[in-house]
Amino acid sequence: MAEYQLHCFAQSGNAYRVALMLNLIGADWEPLFVDYFHGETRTPAYRDNINEMGEAPVLVHGSTKLSQSGVILAYLAERTKKFLPPGDDGMREALRWIIFDNQKLSGSLGPYRFLKSFAKPRGDPAVVSFLKARADSALAIVDKRLSTRPYLLGAEPCIADLSLVGYLYYPAEEFGFDIAADYENIGAWLERVKALPRWAHPYDLMPGYPLPQ
Ligand SMILES: N[C@@H](CCC(=O)N[C@@H](CS)C(=O)NCC(=O)O)C(=O)O
């Protein structure tokens, strides 16, 4: 058995940020498939045995079981000293961006993409455009931040970067717009993260792609 197990699925940007970090740090890890599209996270078995919050990702490391990707990223950074935020205030600053991401960026872009490309039936157009506007507003904030530095907290990538890229490598067709092209500084930053050794695309890193028709 691998040292780390990650309950995840390919279409989840929330899970991808953890899978990506495990890969980038060269951890001994294995994915455990969560059948989200058939409702696994809503089953009593999942909630009783894997995560009472009914969400993926969940990281299992020996007797430690963690959910919430931001908590998992901080755990891995503290344990391995990799992708640790810089300076005395670094972890607080990283958490500021991670919470912003969870609520405003991934918290809008994730459901927007789900309702636009995966939900059956597709989402109500008014809800979809509400979420798109919120995602655009968050993307503009991140783009401005990246206009003056290569990574969110400065010269080096840290867990804040790994959190915020969570949804941004998925195909433009799934969003109906090209994030890297529309937001130039985000586009350049995505290329920098992509150039890190052992970077891999979410559809190559986690099980469940392509979705069965
Ligand atoms: N803030 C959480 C969000 C996790 C989350 O919402 N995961 C989705 C998959 S992408 C999920 O499992 N949703 C379950 C559901 O809505 O039933 C994190 O970052 O881990």
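Tutor: Helices here are DSSP runs of H or I with at least four residues, strands are runs of E with at least two, and both are numbered from the N terminus. Keep in mind that this is a predicted model.

Start at the centre. The largest nonpolar core has 67 residues. Five of them touch the most other members: Leu-109, Val-142, Ile-159, Ile-186 and Trp-189. Strand S1 (4-8) supplies at least two residues of this core, and so does each of the helices H1 (13-24), H3 (69-80), H4, H5 (125-145), H6 (159-164), H9 (184-194) and H10 (202-205). H4 gives the most, with nine residues. In general terms, nonpolar side chains tend to be buried together in soluble globular proteins.

Take Ile-186 in detail. Leaving out residues up to four places away in sequence, Ile-186 touches Leu-139, Val-142, Asp-143, Leu-146, Leu-168 and Ile-179. Another core lies apart from the largest one. That other core has five residues, including Phe-9, Val-34, Tyr-46 and Ala-56.

Now H4 itself. H4 covers residues 90-118, which is 29 residues. The C-alpha atoms at its ends are only 37 Å apart, whereas a straight helix would reach 42 Å at 1.5 Å a residue. Look for the bend at Asp-101: a kink of about 50° in H4 is centred there.

H1 has twelve residues and reaches 16 Å from first C-alpha to last, close to the 16 Å expected at 1.5 Å a residue. Eleven of the twelve residues of H1 are buried, so this helix is largely enclosed by the rest of the structure. The cut-off for buried is under 20% relative accessible area. After H1 comes Gly-26, with a positive phi near 70°.

Then the hairpin. Strands S3 (residues 58-61) and S4 (residues 64-67) pair in the antiparallel sense over four bridges. Val-60 stands opposite Lys-65 in S4. Two residues lie between the strands, and Gly-62 in the turn has a positive phi of about 60°.

Last, the backbone exceptions. Most residues other than glycine have a negative phi, and most peptide bonds are trans. Ala-56 to Pro-57 is a cis bond, with omega near 10°. Pro-57 sits in the loop between helix H2 (44-49) and S3. A cis bond also runs from Tyr-209 to Pro-210, with omega near -5°. Pro-210 lies in the segment after H10.

The loop between H3 and H4 holds Lys-81. Phe-83 is found in the loop between H3 and H4 too. Phi is positive at Lys-81, near 65°. At Phe-83 phi is positive as well, about 55°. Their surroundings differ in accessibility class. Lys-81 counts as exposed because its relative accessibility is 59%. Phe-83 counts as buried because its relative accessibility is 16%.

Terms used. Residues are numbered from 1 along each chain as its sequence is written. This is a predicted model: local features need pLDDT of at least 70, side-chain atom pairs count only at pLDDT 80 or more; totals for chains, interfaces and linings use all residues. Side-chain values use heavy atoms; hydrogens and water are left out. The expected span of a helix is 1.5 Å times one less than its number of residues. The bend at a residue is the angle between axes fitted to the seven residues ending there and the seven starting there. Two strands pair if DSSP finds at least two bridges between them. A nonpolar core is a set of buried Ala, Val, Leu, Ile, Met, Phe, Trp, Tyr and Cys residues joined through side-chain atoms within 4.5 Å. Buried means under 20% relative accessible area, exposed over 50%, partly exposed in between (1.4 Å probe, protein chains only). Contact means heavy atoms within 4.5 Å.
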